[in-house]
Amino acid sequence: MTLSQQDFSFVAGLVRREASIVLAPGKEYLVEARLIPVARQIGAASVTEFLANIQRRPDPTHQRMIVDALTTNETSWFRDREPFTALTEQILPELISSRATSRKLRFWSAACSSGQEPYSLAITLQQALPAGWNYEIVGSDISTEMIKRAEAGEFSQVEINRGLPAAQLVHYFERAGAHWRIAPSLRRNVSFTRLNLTAPLPPLPPFDVVFLRNVLIYFDVDTKRTVLKNIGRMLRPDGWLFLGAAETTIGIDDNYERVVAGRTSAYRLKSAVPAGIARKG
């Protein structure tokens with residue numbers, strides 16, 4: 001490990017300011033490993049040279065590349081599976097009943113990475129919604145590079161192999177050379193935008209379901225509270241919020257109630273939880 005404490009502190013401070021991600025001491029090796037490709041891309045001889053140059057002459061583009069490199073972008077198709085099962089078996093039937101007049105649903109895949117989650121949601125809705133229903137999915141991420149990739153809707157065979165059933169591949173994708181591209185019939189219902197979840201969010205119509213999974217674990221408590229407050233403003237009063245299996249609103253934001261959803265759990269604003277719904281403490 002050759003990253004100096006000064007360079008690590010600079011990167012940690014930048015990522016904290018721009019993305020509210022906490023890089024604790026001991027992550028020096030991770031930072032250096034993530035920045036080696038960035039340094040090579042811009043022609044620097046080393047990460048040390050790259051960071052020295054940007055500290056002498058700040059460059060917004062290069063700073064954004066650092067933030068993108070240090071943002072975790074782990075993802076797969078139908079990741080963890082149970083939230084998608086709960087969506088199909090419990091939540092969609094309820095929403096279909098309560099939205100019978102508008103026949104339209106809005107979903108938000110926050111921190112969508114390269115797009116597998118929002119497209120997985122689109123496949124789920126295509127298969128589960130009755131004829132005549134419409135849906136809209138917004139995918140957002142803080143990484144400019146990830147948004148570009150998600151918008152392109154092209155995936156390598158290795159990426160496809162991570163959780164996508166063969167039947168869905170045949171039905172919802174088309175060949176694009178050595179890659180696979182999302183079919184237009186699915187792509188037209190999904191849009192992408194770059195968003196920082198810790199900053200004030202732009203005005204958007206409210207969402208029926210928000211997937212905010214495996215994001216809060218990277219934030220401190222105050223930042224988690226800010227994100228959950230921002231999400232609450234974007235969620236319909238009777239909407240649903242899915243977090244990662246290791247995440248919770250308990251002890252952070254008392255406006256949410258954790259409820260049973262199939263073999264997993266989800267969160268709703270407390271005012272939306274009717275009597276008789278199973279709660280999880």
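Predicted model: local features only at pLDDT ≥ 70, side-chain atom pairs only at ≥ 80, totals over all residues.

Residues are numbered from 1 along each chain as its sequence is written, and side-chain values use heavy atoms, with hydrogens and water left out.

**Overall form**
- The protein contains eleven helices and ten strands (DSSP runs: H or I of at least four residues, E of at least two, numbered from the N terminus).
- Its radius of gyration is 20 Å, close to the 19 Å that the globule rule gives for 281 residues, so the protein is as compact as a globular protein of that length (C-alpha atoms; the rule is 2.2 Å times the number of residues to the power 0.38).
- Of the 281 residues, 50% count as buried (under 20% relative accessible area, 1.4 Å probe, protein chains only).

**Aromatic pairs**
- The whole structure holds eight aromatic pairs (ring centres of Phe, Tyr or the six-membered ring of Trp within 6.5 Å; planes under 30 degrees apart are stacked, over 60 edge-to-face, the rest tilted).
- Phe84 and Phe211 form a tilted pair, with centres 5.5 Å apart and planes at 55°.
- This pair links helix H5 (residues 82–98), which holds Phe84, to strand E7 (residues 207–212), which holds Phe211, 127 residues apart.
- Phe211 also pairs with Phe242, again tilted, at 4.9 Å centre to centre and 45° between the planes.
- Phe242 lies in strand E8 (residues 235–243) and Phe211 in strand E7, so the pair ties together parts 31 residues apart in sequence.

**Burial and cluster**
- Phe84 and Phe211 are both buried, and Phe242 counts as buried at 1% relative accessibility.
- Trp77, Tyr119, Phe155, Phe173 and Phe192 form one aromatic cluster.
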